Amino acid sequence: MISDIINSNDLHKVNPVFGQLSFDEHEQVVFCNDKDTGLKAIIGIHNTILGPALGGTRMWSYKNEWEALNDALRLSRGMTFKAAITGLNLGGGKAVIIGDARTQKTPELMKKFGEFVHSLSGKYITAEDVGMETSDMDLIRTVTPYVTGMSESQGGAGNPSPITAYGVYMGMKAACKFQFGSDDMEDRKVLVQGIGHVGESLVEHLTDEGAQVIIDDINPERLYDVSKKYGATIYQGNSLYSEQVDVYAPCALGATINDDTVYNIKAKVIAGAANNQLANENIHGKILQERGITYAPDFLINAGGIINVYAELEGYGKQEIIRKTENIFNTTIEILENSKANNITSNESALNIARTRIADRKKENTK
Ligand code: NAD
């Protein structure tokens with residue numbers, strides 16, 4: 001692939017993995033290939049100081065392999081900090097499968113992917129992400145124990161998305177309290193971008209509390225269904241980010257806060273489920289801070305799902321899952337207060353806490 005884009009004489013100038021912008025001292029990156037099933041996957045293991053690297057598998061039609069690698073690197077890094085800030089004894093990992101989940105996913109491909117996960121002997125534990133279902137985790141479980149998020153009938157904690165949505169809702173309420181002085185969502189205008197597994201459940205919490213919810217998705221059927229079910233308004237304009245709302249909730253894919261959008265955003269709070277919402281966390285996080293927009297760090301408020309699958313590993317029940325997820329409210333307030341006091345972005349504030357926990361554990365481990 002490299003030879004497709006540069007002259008082979010220049011190959012020595014390229015650092016295709018360790019030189020990627022999104023490479024952040026990852027411990028291991030595994031490229032998985034199987035001709036018979038058509039599997040092409042990348043597993044990123046960012047950091048295992050706190051425990052085995054746990055993170056979902058995403059199946060997506062990437063434009064090219066660089067995009068897939070970049071996603072695996074960015075997502076696995078995010079998982080390290082998500083587990084750390086949530087107080088879980090887990091490291092950060094994530095896998096991507098290159099392909100269209102609707103047309104290219106087969107049981108054989110899932111099982112082959114499971115075999116690659118198994119070959120890592122538990123250093124990486126998989127779960128579901130975009131393009132994957134609980135039933136896929138059940139299939140993977142037939143070839144490896146290093147999988148979570150199986151269906152409840154298989155002894156798993158089931159679909160993590162409702163818990164993720166509940167955590168996002170908690171984080172959003174906390175961010176509103178910080179920004180507007182109240183966490184009451186009644187009549188708050190919220191734009192939910194992406195109404196899939198998490199987005200729909202978030203819409204339910206918000207409409208239950210009386211918020212005015214506007215929904216956007218690339219799938220017209222889902223828009224129709226969710227609008228009908230919860231009375232949410234379908235976004236009709238052509239300038240989504242400029243929409244005059246109180247809260248913007250990115251619940252589709254990452255990097256929607258970027259050079260093209262960051263100055264258009266009218267919302268005063270950003271709180272959503274998507275991973276890696278800031279295209280560049282330093283640049284775009286800073287601009288949001290300067291514009292007086294409260295950004296609830298994604299890896300903090302979308303941790304409900306990982307709390308749910310962690311319960312499967314640790315054997316704790318629903319009540320503890322809910323308690324830990326509700327605590328996202330307090331942690332979000334703490335991080336936002338800390339960012340204000342130290343004049344740093346909310347993302348930096350959250351990263352600092354996560355990094356300190358990892359550094360402390362590293363010290364303990366080397367004693
Ligand atoms: P999903 O695939 O069920 O839903 C994503 C939705 O976004 C789909 O309805 C899709 O049509 C829509 N979408 C895609 N591109 C879009 C675009 N450009 N504009 C508008 N809508 C678009 O995924 P999910 O499980 O709901 O996850 C949503 C996000 O939250 C992802 O970024 C995922 O990584 C993150 N996340 C999910 C969980 C979880 O428990 N499922 C946990 C943590 C983070």
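Helices (H or I, at least four residues) and strands (E, at least two) are DSSP runs, numbered from the N terminus. This is a predicted model, where local features need pLDDT of at least 70, side-chain atom pairs count only at pLDDT 80 or more, and totals for chains, interfaces and linings use all residues. Residues are numbered from 1 along each chain as its sequence is written, and side-chain values use heavy atoms, with hydrogens and water left out.

**Exercise 1.** Work out which element gives the most to the lining of the largest pocket.

Step 1: know the term. On a 1 Å grid over the protein atoms alone, a pocket is an open set of points where a 1.4 Å probe fits, with protein on both sides within 12 Å along at least five of seven lines; lining residues have an atom within 4 Å of a point.

Step 2: Elements supplying at least two lining residues each include strand E3 (53–60), helix H2 (65–86) and helix H5 (161–180).

**Exercise 2.** Find the residues closest to the centre of the largest pocket.

Step 1: the lining has 46 residues.

Step 2: Val 130, Gly 131, Gly 196, His 197 and Ala 252 are the closest to the centre.

**Exercise 3.** Now do the second largest pocket: which element gives the most to its lining?

Step 1: count 37 lining residues, with Asn 70, Arg 74, Ala 255, Asn 276 and Ala 279 nearest the centre.

Step 2: elements supplying at least two residues each include E3, H2 and helix H8 (281–290).

Step 3: H2 comes out on top, with 9 residues.
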